[in-house]
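Please walk through the model below with the following account alongside.

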Amino acid sequence: MDGVRRGLAAAAALITASGLLAACSANADSGKPELVWYINPDSGGQAAVAKKCSTDDYTITTQVLPQDANQQRIQLARRLAAGDSSIDIMSIDPPYTAEFANAGYLADIPEDLQGKLKDQSFKGATDAATWDGKLVVAPFWSNTQVLWYRKSFVEKAGIDMTKPVTWDQIIDAASKNDGKVAVQANKYEGYVVWINSLIAGAGGEIATDTDKGVDLTLGLDSEAGEKAAGVIEKLAHSKAAPPDLSVSQEGQAGATFGSAQGAFLTNWTYIWTNYDSTQPEVKKDIGYTRYPQTVAGEDSRPPYGGIGIGVSSHSAHVDEAMKAVECLTSPESQGINAEMTGNMPASSAGYDYPALAKIYPEDLLQLFQDSLDAAAPRTVTPYWSDISGGIQSTWHPPASVNSSTPKESQSFIDEVLHGKRLL
């Protein structure tokens with residue numbers, strides 16, 4: 001039994017029989033099915049499209065998962081491993097899609113719906129939603145990161161932001177001018193997102209040959225891995241490092257950027273509206289450009305994030321749930337969600353939703369889409385949770401990272417995958 005299956009089996013043991021049967025997704029009185037959609041926390045976008053997509057044949061209701069992506073995975077996996085039928089529809093973070101599909105937790109998407117979703121979605125969204133040659137979840141929203149900067153700071157520092165910039169440049173500029181470079185470097189998935197993009201920006205990949213299972217090829221111990229480690233080491237030991245770097249998630253990084261020392265920030269698309277009501281003076285000072293280069297002269301590979309919607313194979317209402325998913329992931333629904341949450345559509349047609357043009361400048365909407373085209377998704381493999389956990393264990397805190405980290409990390413993860421070490 002491999003590490004993934006061992007973990008899921010152990011989690012399943014935690015489920016009690018009463019928990020399995022606690023929720024029934026059908027209204028016994030009316031006979032009208034209630035489709036229960038487990039969603040990641042947001043500011044109301046998913047609840048709004050759930051209401052919009054409810055019909056005379058079924059009602060879609062939502063249940064909110066924990067904030068942390070790994071906790072979302074655990075919550076869902078432990079229920080699915082035990083055959084819990086109370087989950088009909090799920091919002092799934094891309095790195096866990098392959099794991100859920102490989103374990104048989106996802107109902108097959110009809111081929112005609114697969115074709116429709118492929119036609120409407122960005123290629124990166126489709127790639128992240130595909131496992132073993134099939135689209136296993138429906139792309140709902142696709143996020144990416146850009147480099148946000150304070151216009152007043154770069155003017156003071158004398159940096160030309162009309163041209164591509166490197167991590168070295170922004171770290172040096174912030175260090176020399178009493179500014180901070182805000183990133184996500186807590187011991188969590190968001191830190192791995194940064195590391196993945198740094199490695200991809202240097203021409204590498206964290207893992208390849210994923211069809212070989214635990215014998216996949218790790219790419220951390222490489223020149224690209226060393227380039228990535230060099231960026232983290234430089235920032236962590238510079239004056240540009242925020243004091244809370246080792247515990248910084250999206251919110252802390254946003255707060256640093258909004259402070260008096262705010263200079264640069266890499267973060268998701270919703271940052272554009274983050275300061276509208278609380279710090280309008282910061283909003284007026286925000287500039288944006290392409291994600292920084294790991295290596296000067298080589299195109300950056302911005303992070304890719306998002307949500308795919310899957311239907312549980314244990315649902316008692318698979319056919320109705322598939323119809324619901326088709327509506328939930330329509331370009332109009334993606335637009336509604338983007339307007340309310342700042343989580344951008346997984347399709348170019350979703351970007352045509354009229355309200356988005358009133359919120360975002362035209363060149364920023366184009367930058368988001370260009371960044372998605374260039375984005376580097378995390379490796380699609382059922383073993384991603386082991387790989388990510390291994391990276392978090394060996395690359396954290398950022399101040400501990402040095403040139404030997406990639407080699408040590410690869411050795412550790414290889415042993416974890418082959419059952420010789422525990423995370």
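**From a loop into the helices**

Asp178 sits in the loop that joins α9 to β7; helices (H or I, at least four residues) and strands (E, at least two) are DSSP runs, numbered from the N terminus. The model is predicted, so local features need pLDDT of at least 70 and side-chain atom pairs count only at pLDDT 80 or more, while totals for chains, interfaces and linings use all residues. Residues are numbered from 1 along each chain as its sequence is written, and side-chain values use heavy atoms, with hydrogens and water left out.

Asp178 is not a glycine, yet its phi is positive, near 60°. With a relative accessible area of 54%, Asp178 is exposed; the classes are buried under 20% relative accessible area, exposed over 50%, and partly exposed in between (1.4 Å probe, protein chains only). Asp132 also takes a positive phi without being a glycine, at about 55°. Asp132 belongs to the loop between β4 (130-131) and β5 (134-135), and its relative accessible area of 67% makes it exposed.

An α-helix has 3.6 residues a turn, so residues three or four places apart point the same way.

What does the buried side of α11 consist of? Its buried residues are Ala224, Gly225, Ala228, Ala229, Val231, Ile232, Leu235 and Ala236. They line one face of the helix, since seen down the axis of α11 they fall within an arc of 155°. The cover over them includes α9, β7, α10 and α19 (405-417). The length of α11 agrees with expectation: at 1.5 Å a residue its 14 residues should span 20 Å, and its end C-alpha atoms are 20 Å apart. The expected span is 1.5 Å times one less than the number of residues.

**The largest pocket**

The largest pocket holds about 810 Å³ of space. A pocket here is an open set of points on a 1 Å grid over the protein atoms alone, where a 1.4 Å probe fits, with protein on both sides within 12 Å along at least five of seven lines; lining residues have an atom within 4 Å of a point. The volume is the space filled by probe spheres set on the points, which are joined across faces, edges and corners. Of the 33 lining residues, Gln67, Trp141, Glu250, Trp268 and Tyr270 are the closest to the centre. The largest share of the lining, four residues, comes from α12.

**Two further sites**

Ala50 lies in helix α3, residues 45-53, and counts as buried at 2% relative accessibility. Setting aside neighbours within four places in sequence, Ala50 is in contact with Trp37, Ile60, Thr62 and Leu328. Finally, the peptide bond from His396 to Pro397 is cis, with omega near 0°, and Pro397 is in the loop between α18 (384-394) and α19.

Conventions
Contact means heavy atoms within 4.5 Å. The arc is that of the directions from the helix axis to the C-beta atoms.
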